[in-house]
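Subject: Structure handover

Hello,

Here is the structure we talked about. Please open it alongside these notes.

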Amino acid sequence: MENKEEKTFTTTPYQLEFMAEDELISIVPNFSMPQLHLISMKLGPFHPNVPVKVPIWLALVLKKRRQCRIQPPVWLSVDFLEDKFLKETEDDRSFEYLPYHYMEIATLLLAGAPDDIRLSSSLRSFLEDIWNRRAAKVRDGLLGLKAGTAGVKLNNLSAMELNKIRPFIITAMDKFFNF
């Protein structure tokens, strides 16, 4: 029977997406509205064709209502991701910096605003390649621990990548401290 405590070690991908929805993104509204006063922040004012930063959740709601165009982040471009993939492939010991919620944000934007993102099929391909390359690096690093390596450097991992290895790391640390 599975230990109930082990179930609390990971966060679901849906929960990670929910957290990523608070990240700010630029939109170009096609409506006018005075500044919004929310509990956690002030947004706007909104004027047609004037870019403004809003949380992703609001950008997606406005996009669904056809009240804005979403401007993808700089890192969500084929050139940027191709460069990151090449750097990930060149260096087996470290991870290239990407936004903490890069996979969740890309998934949300590619699903909710595909017409605002250029070359979406190429982006999906590069995102998958980067994900697979980084997962292989993590796997190789953790297998190195089993083989006697003193440590592994896991810098610049994203929320989704950390979540994937969290159960293993926590179990390993528990065993280490209980030894």
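Helix α3 (residues 56–64) lies across β1, β4 and β5 and runs at about 105 degrees to β4. Helices (H or I, at least four residues) and strands (E, at least two) are DSSP runs, numbered from the N terminus. Axes are lines fitted to C-alpha atoms, for helices over the stretch in contact; angles run from 0 to 180 degrees between N-to-C directions.

The model is predicted: local features need pLDDT of at least 70, side-chain atom pairs count only at pLDDT 80 or more, and totals for chains, interfaces and linings use all residues. Residues are numbered from 1 along each chain as its sequence is written, and side-chain values use heavy atoms, with hydrogens and water left out.

The sheet

Three strands form an open, antiparallel sheet in the order β4-β1-β5. Strands pair if DSSP finds at least two bridges between them. β4 (52–55) and β5 (68–71) are the edge strands; each has a single partner, so one side of each lacks a neighbour in the sheet. The twist averages 45 degrees from one strand to the next. β1 (residues 24–29) pairs with β4 over four bridges. Ile27 stands opposite Val52 in β4.

The helix pair

The axes of α3 and α5 come within 10 Å and cross at roughly 10 degrees. That makes the two helices roughly parallel (angles under 35 degrees; over 145 is roughly antiparallel, 65 to 115 roughly perpendicular, the rest oblique). From α3, Ile56, Leu60 and Lys63 meet Ile105, Leu108, Leu109 and Gly112 of α5. Contact means heavy atoms within 4.5 Å. The residues of this contact divide into five nonpolar, one polar and one charged.

The cores

A nonpolar core is a set of buried Ala, Val, Leu, Ile, Met, Phe, Trp, Tyr and Cys residues joined through side-chain atoms within 4.5 Å. Buried means under 20% relative accessible area, exposed over 50%, partly exposed in between (1.4 Å probe, protein chains only). The largest core has 37 residues, and Ile27, Ile70 and Leu76 have the most contacts inside it. α5 gives the most to this core, with seven residues. Another core lies apart from it, with five residues, including Phe95 and Leu157.

One histidine

His101 sits in the loop between α4 (78–90) and α5 (102–112). Is His101 buried or exposed? At 8% relative accessibility, His101 counts as buried. Not counting residues up to four places away in sequence, His101 touches Leu16, Met19, Ala20, Glu23 and Ala159.

Best wishes

Key:
Nonpolar A, V, L, I, M, F, W, Y, C, P; charged D, E, K, R; others polar.
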